[in-house]
Amino acid sequence: MKKNSKSLALFAVSLFMLVFLASSAFAEVVQKHVNFGQDANKMQWYLMTYGKNDDGIHVATARKYYTNPDEKQKIIDLIVEKFGTEREFASGLYFTEYGYVYSNDGKSFAVTYLNHYNMVGKEIRSTVYPEGEREFIGMSSNMIPYKAYQYASGKKKPAK
């Protein structure tokens, strides 16, 4: 009986360490959503993930919900015209997710991917920007990528 207790205790400690190590390996990217409110175009924005990637570079993912029908129609038209997506399929557009990566000095960002989804989360169109093709853009305080950087860099913490 004593041998089984030791084995069980050793197993429990091993399991705890495995879970602890696995969770700390992924602790750099936080998945607590932050509501950024509406932008100047009346689109609703949320910060979905933020932190550092495996290379220690600040990253973030923001999601834009199409709460302005005119802006939504512009994006639908773009998806149809530029990518040849069927209008009926593109018309299901509900939100777009943006992946951001930041410069080391935190003054600029680049988009790493853009994914358009319908209401049930089915991808309508995806565009990935490989590292060599990313264009870094300077940030100002009213930009969504700047707001996201505040969390990714740890300068700002989400409300509890």
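Predicted model: local features only at pLDDT ≥ 70, side-chain atom pairs only at ≥ 80, totals over all residues.
A residue here is called buried when its relative accessible area is under 20%, exposed when over 50%, and partly exposed in between (1.4 Å probe, protein chains only). Residues are numbered from 1 along each chain as its sequence is written, and side-chain values use heavy atoms, with hydrogens and water left out.

**Confidence**
- The protein chain has a mean pLDDT (the predictor's confidence in each residue, from 0 to 100) of 86, and 82% of its residues reach 70 or more.
- Residues 6-27 have pLDDT below 50, and beyond near neighbours in sequence this stretch makes zero contacts (heavy atoms within 4.5 Å).

**Aromatic pairs**
- Rings of Phe, Tyr and Trp (its six-membered ring) pair if their centres lie within 6.5 Å; planes under 30 degrees apart are stacked, over 60 edge-to-face and the rest tilted.
- The count by this rule is 12 aromatic pairs.
- Tyr65 and Tyr94 form an edge-to-face pair, because their ring centres are 5.5 Å apart and their planes stand at 80°.
- Tyr65 belongs to strand E4 (residues 58-65) and Tyr94 to strand E5 (residues 93-102), so their pair ties together parts 29 residues apart in sequence; strands are DSSP runs of at least two residues, numbered from the N terminus.
- Tyr94 is partly exposed, at 34% relative accessible area.

**Around Tyr100**
- Tyr100 and Phe109 are also edge-to-face, with centres 5.5 Å apart and planes at 90°.
- Tyr100 is buried at 4% relative accessibility, and Phe109 is buried at 6%.
- Ring pairs join Trp45, Tyr98, Tyr100, Tyr102, Phe109 and Tyr149 into a cluster.

How values were computed
Helix = DSSP H or I, 4+ residues; strand = E, 2+ residues; numbered from the N terminus.
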